[in-house]
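Hello,

Here is the structure I promised to pass on to you. Please have a look at it, and then read on for my notes.

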Amino acid sequence: ETAIERDVVVVGAGPAGLMAARTLVAAGRTVAVLEARDRVGGRTWSKTVDGAFLEIGGQWISPDQTALLALVDELGLETYQRYREGESVYLAPDGTRHTYTGSMFPAGESTIAEMEKLIALLDGLVAEIGATEPWAHPAARELDTISFHHWLRQHSDDEAACSNIGIFVAGGMLTKPAHAFSVLQAVLMAASAGSFSNLVDEDFILDRRVVGGMQSVSETMAAELGEDVVFLDTPVRTIRWAGADGTYAEHVPGTPVTVWSDRLTVRAKDVVVAVPPNLYSRISFEPPLPRLQHQMHQHQSLGLVIKVHAVYETPFWRDKGLSGTGFGAHELSQEVYDNTNHGDPRGTLVGFVSDERADELFGLPAEERRRLILESLSHYLGEEALHPVVYYESDFGSEEWTRGAYAASYDLGGLHRYGAHQRTPVGPIRWACSDLAAEGYQHVDGALRQGRLAAAEVLGAGSL
Ligand code: FAD
């Protein structure tokens, strides 16, 4: 086992950890980034499967994600737009199929009016509450103790409108059933993207992708940091920082912290833990974290979604005048998009099966799961969808160092109760992760902002 010394240890080489390290190194600090996996990028990961280049994890960038857009530029990478020409498909609750353009589903006049009403109500809450400290709003407790499912139905009798609006946050973002999180949590999700209207506009939310894949953002940062900084296959097991008396009050900035991993021990002055909150308890903290942290971390959990990739010889839907975009709240795959790679003559579709539907599907044999998912895609785009040349299901729920997808959110009542404390340092330990972000919450952009913020705090600069 090797022992090294650095100013700062960063735990986790996802976008948050690498951005923290990049910021600290630029300010002249010595850093070690310890990563459990044999690769960087965390929940962003590109892989070639049966000859097809696939983005297994995070990939899209929206125009408001300026921290990410600026970094992509700085790293010399390029972006391209998601294909969106032609008509989208809406599958109504009765199973009928409708094509449309624009961002409002052709759900019938009264349902459309109800959806517009709900969107306006949510836009109002978002404007008033914001993303930075939703827990501080006077109505925070009230809004955090009612589920999004029930709040929607309190405000509308139109079931189709409620389930259509529900999918944008439940299946589409938090990947939990709408009964499992609060309307305050839904407001945070929308506020982090600027407004609820932005959240329901797929041309905004799913605007651009990185040429070469989103993981290349992390790979390029890691390459610039170098092998002396980023250590792979190095899961951190223990962080010890206090004196023998084991009290938090004793911590004097600059006194040593020791971080043990499977193959490296690092002595440092500060630690940035850049892993999702559901994994904090995989690390032994000595002394133990304060009671509040112990409690809080048990209320933050990852959702679950199967991201499905289906590659075809040609993007056949385009010939039919379809964009590849489709929505159906009652479908197994509630969303589908054209996910064809930059410059690729083949066509790729991406679908998503989330929360309880994902549980059901994971209970089936793989062949049966594939058949049902492709059948769902065919409801949107035709039976050519049944016969891809490459098929792959992203399964981050099985990954030891993630355990779900896309990201962490609080259970009902958790956001107003704990949110104000989620970034509070413990001794020399700071927390950075997309799942604690305001702008870019649950997204790569938020991870970068969090990484930079934690680094700025270590540097004593407040914010950069
Ligand atoms: P992570 O990416 O999770 O990185 C944390 C790192 O810490 C990991 O590398 C992990 O291995 C490591 N680690 C954990 N525990 C330890 C330990 N004890 N010791 C050492 N290392 C450890 N975002 C978007 O912006 N756009 C999208 O389109 C999008 N789609 C997504 C699709 C999927 C399927 C998934 C899973 C996510 C998606 N996201 C998307 C979310 C985005 O990928 C995450 O928000 C982002 O990767 C979070 O970055 P992070 O650095 O905070 O955490």
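The second largest cavity is lined by S62, D64, Q65, M173, M189, S192, A193, L199, I205, G440, Y441 and H443. On a 1 Å grid over the protein atoms alone, a cavity is a set of points where a 1.4 Å probe fits but cannot get out, and lining residues have an atom within 4 Å of a point. This lining has six nonpolar, five polar and one charged residues; Ala, Val, Leu, Ile, Met, Phe, Trp, Tyr, Cys and Pro count as nonpolar, Asp, Glu, Lys and Arg as charged, and the others, Gly among them, as polar. The volume of the second largest cavity is about 60 Å³, taken as the space filled by probe spheres set on the points, with grid points joined across faces, edges and corners. Searching the whole structure gives two cavities of 30 Å³ or more.

Please keep in mind that this is a predicted model, where local features need pLDDT of at least 70 and side-chain atom pairs count only at pLDDT 80 or more, while totals for chains, interfaces and linings use all residues. Residues are numbered from 1 along each chain as its sequence is written, and side-chain values use heavy atoms, with hydrogens and water left out.

Now to the ligand. Several polar contacts (pairs of N or O atoms within 3.5 Å) reach oxygen atoms of the ligand: a polar side-chain atom of S434 lies 2.8 Å from one, a backbone N or O atom of Q442 lies 3.1 Å from one, and a backbone N or O atom of P15 lies 3.2 Å from one. On its own the ligand has 1000 Å² of accessible area (Shrake-Rupley method, 1.4 Å probe), and the protein covers 98% of that.

What about aromatic rings? The structure holds 16 aromatic pairs, meaning rings of Phe, Tyr and Trp (its six-membered ring) with centres within 6.5 Å. F168 and F327 form a tilted pair, because their ring centres are 5.9 Å apart and their planes stand at 55°; planes under 30 degrees apart count as stacked, over 60 as edge-to-face and the rest as tilted. This pair links distant parts of the chain, with F168 in helix α6 (residues 159-174) and F327 in strand β18 (residues 322-327), 159 residues apart.

Lastly, the backbone. E286 and P287 are joined by a cis peptide bond, with omega about 0°.

Best wishes

Definitions and conventions
A polar contact is a pair of N or O atoms within 3.5 Å; within protein, one must be able to donate a hydrogen and the other to accept it, and residues adjacent in sequence count only if both atoms are side-chain atoms. On a 1 Å grid over the protein atoms alone, a cavity is a set of points where a 1.4 Å probe fits but cannot get out, and a pocket is an open set with protein on both sides within 12 Å along at least five of seven lines; lining residues have an atom within 4 Å of a point. Helices (H or I, at least four residues) and strands (E, at least two) are DSSP runs, numbered from the N terminus.
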